[in-house]
Amino acid sequence: MIAFDIVLAVGIVFCAVCALTRRDRMASIAAFIVLGLLVALSWIRLAAPDVALAEAAIGAGLTGALLLRAAQRLGPLRPEAGGRLAVSTAIVAAGLGCGLAWVFAVAPAPVVYAPLVTERLEMSGVTNPVTAVLLNFRAWDTLLEIAVLVAALLLVSLLGGRRIVPAHLGELTLPFARIVTPVAILIAGHLLWQGSSAPGGAFQAGAVLAGAMIGLVLAGHAHTGAAVVRSALILGLSGLAVFVLAALGSEVLTGHFLGYPVGAEKIWIIGIEAALTLSIAATLCLLFTGLGQRKVR
Amino acid sequence: MSAFFSILGIGLIATGVGFLALAALGLWRLPDLLSRLHVLTKADTAGLSLIALGAACLTGTRAEILPLMLCVLLIAISGATVGQLIARSVTPRGGRS
Amino acid sequence: MTPDLVYHVTGAGLIGVALWRLSTCRDMLRRIMALNVLAVGIAMLLLATGHDAVAAITDPVPQAFVLTGIVVLVAVTAALLALAEQLEDKADE
């Protein structure tokens with residue numbers, strides 16, 4: 001399998017170089033999306049299926065869509081700084097990269113946390129160690145992460161940029177939406193539920209839902225009036241509210257911030273994750289479609 | 001019976017990989033967007049579906065076959081729709097000419 | 001030579017390429033893409049460090065960090081792109 005790893009690694013670096021050096025905007029974004037998918041594959045090889053799911057859905061899919069939208073609005077590439085500066089920074093960056101590779105290859109890196117997590121996994125209420133870390137042992141980090149999402153959403157809404165206006169995309173999008181939307185909702189629910197025992201969870205499920213929502217908006221099959229946008233904004237903000245309320249409730253019930261009552265951990269985790277899934281889906285969809293009033297393609 | 005299924009699975013996967021290689025060759029060698037799409041939509045869908053069917057033959061449990069069939073469904077639908085959308089974007093008058 | 005070593009070198013390579021482009025590009029979209037590639041490189045170093053191919057142990061804590069990082073990164077990317085579009089609008093007027 002080492003040959004597969006090496007081919008994959010060469011492909012990843014090649015795609016990264018293509019994505020960051022090609023003059024054609026479309027070609028570089030296409031290379032970026034392929035990079036995301038190859039990286040997801042490499043994370044399967046590093047035994048991180050949860051991260052691979054998130055990378056494929058968010059890192060390749062949603063970021064790719066965001067970049068394509070921005071590329072259309074920003075216009076063609078500007079001329080770049082060349083000459084001596086480019087060469088000297090290339091040398092510095094190459095030196096830094098080689099140094100990092102050398103340090104990580106040489107320095108001993110014992111796997112510290114795995115035994116600790118395995119030891120306490122029964123106390124967390126779930127059997128997937130990544131979900132246990134995200135929603136129980138380090139739930140505080142996840143709470144702050146949702147706060148970052150909310151901050152980004154508020155920034156985008158304050159900027160009041162342009163909003164996506166759907167184009168007429170032909171007859172085939174309606175049957176496509178009719179089949180794919182229910183399947184996407186089904187997959188999101190499945191990912192959310194199985195996140196407690198197998199790869200999956202709120203972020204992956206939210207990304208799948210957001211993808212379905214963006215597809216509906218782009219094809220013009222969803223209402224995009226001001227009332228819908230406002231309710232989506234409230235839904236996006238509700239995830240943080242539920243999480244904070246859960247944190248305060250657990251403080252009252254058990255005396256520990258985000259320390260869930262013993263025996264009911266799984267219900268708490270699934271409940272928080274369900275709220276987060278809807279909120280992440282609404283947030284990601286709004287970050288893509290924009291909330292502004294000006295309607296420009 | 002299981003030997004039959006594993007041989008069938010490997011055969012299907014090999015055929016699927018062949019289809020994907022053909023699609024890649026077409027993408028590389030063909031001159032313009034429409035003929036590339038022509039190769040890509042068909043060979044891609046066929047290749048991935050065959051690989052999923054082969055994997056289903058190899059695993060054999062119902063819990064694993066169901067997601068694979070869902071994959072085939074999604075690939076078939078999205079391949080056809082996206083191909084049509086890309087072709088629409090390059091043909092004049094929204095593909096109605 | 002283990003798979004982990006391959007991914008250590010790849011992650012370092014991605015970081016090098018991303019830093020080089022981040023410092024030489026004037027185009028905003030390209031810089032945002034370089035930032036994304038930089039994050040992927042760092043995530044790859046983290047995950048490869050938390051993975052022991054010989055003993056077949058995987059550390060869930062770096063995985064949770066990277067998962068958090070992916071979601072934060074997409075939010076940051078969306079915010080930066082909105083700012084870049086705003087700058088472009090101002091330049092057009």
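User: In what order do the elements of chain B run from the N terminus on?
Analyst: This is a predicted model. In it, the secondary structure of chain B comes to three helices and zero strands. From the N terminus on, the order of elements in chain B is α-α-α.

User: Why is chain B described as more spread out than a compact globule?
Analyst: For 97 residues, the globule rule gives 13 Å. The C-alpha atoms of chain B fill a box of roughly 55 × 25 × 15 Å along the principal axes.

User: What percentage of the residues of chain B count as buried?
Analyst: A residue is buried if 20 or more other C-beta atoms lie within 10 Å of its own. Among the 97 residues of chain B, the share that counts as buried is 20%.

User: Which element gives the largest share of the side of chain C that touches chain A?
Analyst: On this side, 63 residues of chain C are in contact with 72 residues of chain A. The elements of chain C that give two or more residues to it are α1 (3-24), α2 (28-49), β1 (51-52), β2 (57-58) and α3 (60-92). The largest share, 23 residues, comes from α3(C).

User: How many residues of the side of chain C that touches chain A are nonpolar?
Analyst: The residues of that side of chain C divide into nonpolar, polar and charged. Of these, 15 are polar and eight are charged. The number of nonpolar residues is 40.

How values were computed
Residues are numbered from 1 along each chain as its sequence is written. Chains are lettered from A and ligands numbered from 1 in the order in which they are written. This is a predicted model: local features need pLDDT of at least 70, side-chain atom pairs count only at pLDDT 80 or more; totals for chains, interfaces and linings use all residues. Two residues are in contact if their C-beta atoms, placed from the backbone, lie within 7 Å. Helices (H or I, at least four residues) and strands (E, at least two) are DSSP runs, numbered from the N terminus. Ala, Val, Leu, Ile, Met, Phe, Trp, Tyr, Cys and Pro count as nonpolar, Asp, Glu, Lys and Arg as charged, and the others, Gly among them, as polar. The radius of gyration is taken over C-alpha atoms; the globule rule is 2.2 Å times the number of residues to the power 0.38. A residue is buried if 20 or more other C-beta atoms lie within 10 Å of its own, exposed if 12 or fewer, and partly exposed in between; C-beta atoms are placed from the backbone.
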